[in-house]
Amino acid sequence: MATCRALIRQWPQWPRHLRRPTSVGVLSRLSPPRIQTQSTVRRAYSSISAAELKFGQPLHETHPHLLEPGELTPGITALEYAQRRSRLANKLPKNAVAVLAAAEVTYRASGIFHEYRQDSNFFYLTGFNEPNALAIIVNDGSGDNHLFHLYAREKDPKAELWDGARSGTQAAMDVFNADESGDIERISNILPKVLAGATEIYTDIPAFNPGRSSLHRYLYGPSGASEKLRKLIDIRKVKPLRPILNEMRAFKSEEEVVQLRRVGQAAGRAFTAAMRQNFTKEKDLTSFLEYNFKVNGCDGSAFVPVVAGGSNALSIHYTKNDDTLKDGDMVLVDGGGEMGTYISDITRTWPVNGKFSDPQRDLYTAVLNVHRTCVSLCRESAKLSLDGLHGIAENGLKDQLQQIGFDVSGDALRTLFPHHLGHYIGLDVHDCAGYSRNHDLKAGQCITIEPGIYVPDDERWPAKFRGIGIRIEDSVCVGDDNPIVLTTEAVKEVGTRGMSIHVLS
Ligand SMILES: [Mn+2]
């Protein structure tokens with residue numbers, strides 16, 4: 001992929017002027033010729049500058065420090081969103097529709113909401129970052145064209161005074177380039193008309209996908225869908241949308257790779273900054289890391305970080321982060337930032353006091369050697385899948401561990417390396433859920449490489465290694481002949497006294 005070759009040469013400064021030109025400034029970022037059907041609200045070009053208006057999310061006109069001209073969300077242009085919709089429409093049969101719902105606001109207690117996180121597929125196709133919205137993409141049979149409906153919350157000064165600005169239905173068309181829009185409160189009148197002519201309906205709305213917990217299903221029934229919706233949609237016409245979107249999202253565009261590199265760089269720098277400090281509590285290290293993600297430009301953490309001192313590292317998803325950090329132990333830190341809804345995923349393990357003991361260094365070097373080998377194979381020309389790479393990691397770790405005195409017979413590796421080598425990344429930490437790890441990796445795919453060794457306190461293993469857990473993880477973009485390490489700013493080489501950073505500082 002020429003993109004990746006160009007990135008390897010040109011990073012860290014991806015030349016902005018090479019970006020595809022898009023219209024700038026005043027409302028209406030795109031105006032491709034579109035076929036108008038009867039609309040609830042007609043597209044009308046406003047003469048008001050966007051900077052004078054308030055929207056439900058940052059835009060270049062209101063937040064030029066966050067978005068470049070032409071971008072609808074950080075790093076991603078309005079044009080790219082339109083192209084994604086067009087590509088999806090082309091994958092649907094003629095007169096079929098895709099229906100996507102925005103994520104709901106969730107609550108941690110009565111009236112106390114969690115930070116809002118948009119549904120990734122909805123975001124991928126719209127860039128619209130508000131709850132209570134519905135997107136419909138129609139293959140209207142016009143070839144490369146398609147119809148895009150975006151129903152959203154209408155502007156409401158009273159509600160906005162409490163809950164902050166909304167973009168409203170006019171911006172749904174003028175900024176987010178919908179052909180049709182309308183007040184989401186009227187969706188029960190609108191939807192039957194829109195779906196009436198559809199030959200097939202591609203959707204993952206839970207009516208037909210009861211993915212909730214067994215307790216939820218027991219208490220509330222098999223689906224969250226209303227009787228109304230179930231009557232409205234002929235279940236025989238419904239097909240899952242996710243597999244089609246996985247095929248699209250698994251391969252990143254230039255803009256996406258640049259954004260993933262940006263968030264990888266910011267988070268990587270936060271890790272290296274953390275290694276320069278001395279911490280006596282997991283909690284303090286956690287706070288420092290998350291603060292530095294934000295200071296470096298991330299919106300926040302992509303997931304609850306693991307900050308695990310000593311043998312806490314043996315629990316893969318340890319997130320209590322409330323223990324002390326002891327002199328002589330190592331600390332395993334698995335964290336990542338999120339920026340414009342793209343994420344990074346990094347793990348580093350370093351000595352709390354900055355100096356490796358001999359067994360710590362031996363085990364660390366074993367994991368690092370396998371990590372390096374696997375990263376070097378993140379290229380299309382290697383013709384390997386994530387599962388294939390996992391096998392190479394297992395054999396490599398076996399070999400390395402044997403050299404430092406481990407008995408690796410039988411199912412030893414299952415115990416010592418109990419998780420997979422990696423997963424896809426992108427908008428989600430575990431991107432494209434359900435997309436097989438069996439496909440050979442192609443240029444433009446972004447994955448993690450995270451070998452680890454966790455030695456239980458068990459007589460089967462050499463005493464000097466017991467209680468040590470080490471994982472080294474980078475986010476990587478697969479290139480044609482070379483990998484692009486997206487998180488290279490996080491130091492991982494061993495120096496004479498500890499991590500190289502301790503030597504440098
Ligand atoms: Mn990971």
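Predicted model: local features only at pLDDT ≥ 70, side-chain atom pairs only at ≥ 80, totals over all residues.
**Burial, sheet order and helix packing**

Reader: Does Lys383 count as buried or exposed?

Author: Lys383 has 11 C-beta neighbours inside 10 Å.

Reader: Where does Lys383 lie, and what is its phi?

Author: Lys383 belongs to the loop between α12 (358-376) and α13 (386-403). Although Lys383 is not a glycine, its phi is positive, at about 50°.

Reader: Thr341 also has a positive phi; is it buried or exposed?

Author: Thr341 sits in the loop between β14 (337-339) and β15 (342-343), and its phi is near 75°. Within 10 Å of Thr341 there are 23 other C-beta atoms. A residue is buried if that count is 20 or more, so Thr341 is buried.

Reader: Which strands stand at the edges of the six-stranded sheet?

Author: The open sheet has mixed pairing and the order β8-β7-β6-β3-β9-β10. An edge strand here has a single partner, so one of its sides is left without a neighbour in the sheet. The strands in that position are β8 (180-183) and β10 (238-239).

Reader: Which residue of β8 is the bridge partner of Ala152?

Author: Strands of a sheet pair through backbone hydrogen bonds, either parallel or antiparallel. Strand β7 (residues 147-152) pairs with β8 in the parallel sense, over four bridges. For Ala152, the bridge partner in β8 is Asp183.

Reader: At what angle does helix α2 run to β6?

Author: Helix α2 (residues 78-91) has 14 residues and reaches 20 Å from its first C-alpha to its last, close to the 20 Å expected. Its buried residues include Tyr81, Arg84, Arg85 and Leu88. The helix lies across β3 (97-101), β6 (134-138) and β7. Its angle to β6 is about 55°.

Reader: How do helices α10 and α11 pack, and how many nonpolar residues does their contact have?

Author: Helix α10 (residues 254-276) and helix α11 (residues 282-295) pack at an angle of about 145°, and their axes are 8 Å apart. The crossing of α10 past α11 is right-handed. Ala266, Ala267, Ala270, Ala273 and Ala274 of α10 make the contact with Leu285, Phe288, Leu289, Asn292 and Phe293 of α11.

Technical notes: Residues numbered from 1 in each chain as written. Axes fitted to C-alpha atoms, helices over the stretch in contact; angles between N-to-C directions. Helix = DSSP H or I, 4+ residues; strand = E, 2+ residues; numbered from the N terminus. Left-handed = near helix turned anticlockwise from the far one by under 90°. Contact = placed C-beta atoms within 7 Å. Pairing = 2+ DSSP bridges. Buried ≥ 20, exposed ≤ 12 C-beta atoms within 10 Å, placed from the backbone. Expected span 1.5 Å × (residues − 1).
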